[in-house]
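Subject: Structure handover

Hello,

Here is the structure I said I would pass on. Please open it first and keep it beside you while you read the notes below.

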Amino acid sequence: MRYSLILAALLTVSPLLYAAPLVWEVTVERDDPAIRDAFGALDVRSAYRGPDGNWRYLIEATESEISLLRSLPLRIAPLGPLPVREPIPVPEYRDADGVIADIAALEEKYPGRAKVYTIGTSFEGRDILAVRISAAPSKNLPDKAEILIVGMHHAREWIAVEVPLRLAGFLLEQYDHNPRIRAIVDDCELWIAPMLNEDGFRYTWSENRNWRKNRRDNGDGSFGVDPNRNYDASWGGKGASKTPSSDVYCGTEPFSEGESSAVRDLIDPAGGMVDDMLGFLDFHSYSQLILYPYGNTYEVSPREKELSAIADRMSAIIDGETGVYYEPAKSSSLYIATGGSSDWFHLAYDFRNTFIVEMRPTGEVLNGFQLDPAQIAATARENVAAALYFIEATAQDTDDIDTDVNGDGVIDYFAGCGEGFCAMIGLDGVPDDTEKNDDGLEADASYGTDEAFLAADDTVTADADSPAPRRDGSGGCSLILL
Ligand code: 0X9
Ligand code: ZN
């Protein structure tokens, strides 16, 4: 409180400070769709439920931007500027060169099941890579369930590269050891594009850890289009900005960007790479949410019931693996955003299964994009389990999948782990990154307080060091994905 008073005083007396973006805690006092419509040009970093059950948001915005919200039934408190911090290498996360090398290594190690494709080109001229995993990955096989899994629309969401890459490695490594995984690979054509926004990702390593967009030169001194506002789903509407400097700038037209057009072109049957993409899973961070359409409108998808059932089950599977809660929710219940990939896929492809997973940490963590590396493995474990269920549910067109056929308490996807097969994904010797804690709360109760944020001085990861709540895995399996 002391800090917020000082900050409020500074804001009052110093117009210069007005221009600098701050992070604000925005608390919903009374539910009103106008609130969810109003976040249009703002950078909503995370969302979480307050003690009253209403959503709270951490939003990065200037004083004048946040003033757009002032007439709404919201409580708005400045938490402080993001501490300036030079990017520093974090060796536990792969950098772009490491990701490229490891994607190539998958094809080298498993040539019969993995093939790397260039699916597009970024603004800075880089190949956008995807790996096809199937029984014959150099061909487009007929009658296979085609599914696309994407990571890193947003540059600062580093965990969103690690998880799909580890999923790819896990599928390939386990093919010869786990009949359930073998069946998934044999029945499907899985496309995994773990690093959609490499230009932005590199920028977060070299210049600005907080960068979200791609690196298009907008020609007005600003850089970057938000790839997840550039798809053709109510493009340019609410929840996106036409101001190039905005963090949610939607670009000049739908699919103006290499990242979004790569996804569109891969899915298009006319390209010959796929016949009929059945499902789409899009990894983001953070807030621990499993989101289903729509996000661009309050309307109800004709398949909302099915999507909601799958999201519920993904959440239960995650909870069963690590004891961490990801809330299933309809995207528009958080805020309206247009031009998103998930809505576009759902609308363009017959209302098929599509989900956005916002991974760890919880939304009240002040700088959750910098997820503690000690949490990477467990985050991968829980999300690989949920993704495998998503794949099966999509391929079999039902949410009713038995994931523990022999009833031994170990999810079938991870059966055999702990016997030496799963070193690359960490089902043995998992680091003690999370602790048993059944209270459902972050261990560090000071998350989200302005004092904690301001006291963070030059470190923006102070609050991310705390363990997430979890329960120990059963059956001796503890998964590390690397
Ligand atoms: O805003 C996005 O593109 C995604 N969230 S993130 O914090 N990772 O940037 C997902 C948006 C989900 N859609 C809606 N809430 N409408
Ligand atoms: Zn994102």
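Before anything else: this is a predicted model.

Overall fold

The chain has 482 residues, and 61% of them count as buried.

The ligand

Where does ligand 1 sit? Ligand 1 is in the largest cavity. Its surroundings are made up of 16 residues, and the closest are R212, N228, R229, Y335 and E358. Two strands, β9 (277-287) and β12 (353-362), each give at least two residues to the shell around ligand 1.

Polar atoms around the ligand

Which residues place a polar atom by a nitrogen atom of ligand 1? I can list three of them.

- E358: an N or O atom in its side chain is 2.7 Å from a nitrogen atom of ligand 1.
- G295: a polar backbone atom is 3.1 Å from a nitrogen atom of the ligand.
- S285: a backbone N or O atom is 3.3 Å from a nitrogen atom of the ligand.

On its own, ligand 1 has 420 Å² of accessible area, and the protein covers 96% of it.

To look at the ligand yourself, begin with E358, which is among the closest residues and contributes the side-chain atom listed above.

Regards

Definitions and conventions
Residues are numbered from 1 along each chain as its sequence is written. Chains are lettered from A and ligands numbered from 1 in the order in which they are written. This is a predicted model: local features need pLDDT of at least 70, side-chain atom pairs count only at pLDDT 80 or more; totals for chains, interfaces and linings use all residues. Side-chain values use heavy atoms; hydrogens and water are left out. Buried means under 20% relative accessible area, exposed over 50%, partly exposed in between (1.4 Å probe, protein chains only). A residue is near a molecule or strand if one of its heavy atoms lies within 4 Å of it. A polar contact is a pair of N or O atoms within 3.5 Å; within protein, one must be able to donate a hydrogen and the other to accept it, and residues adjacent in sequence count only if both atoms are side-chain atoms. Accessible areas come from the Shrake-Rupley method with a 1.4 Å probe; for residues, only the protein chains shown count as cover. On a 1 Å grid over the protein atoms alone, a cavity is a set of points where a 1.4 Å probe fits but cannot get out, and a pocket is an open set with protein on both sides within 12 Å along at least five of seven lines; lining residues have an atom within 4 Å of a point. A molecule sits in a cavity or pocket if more than half of its atoms lie within 2 Å of its grid points. Helices (H or I, at least four residues) and strands (E, at least two) are DSSP runs, numbered from the N terminus.
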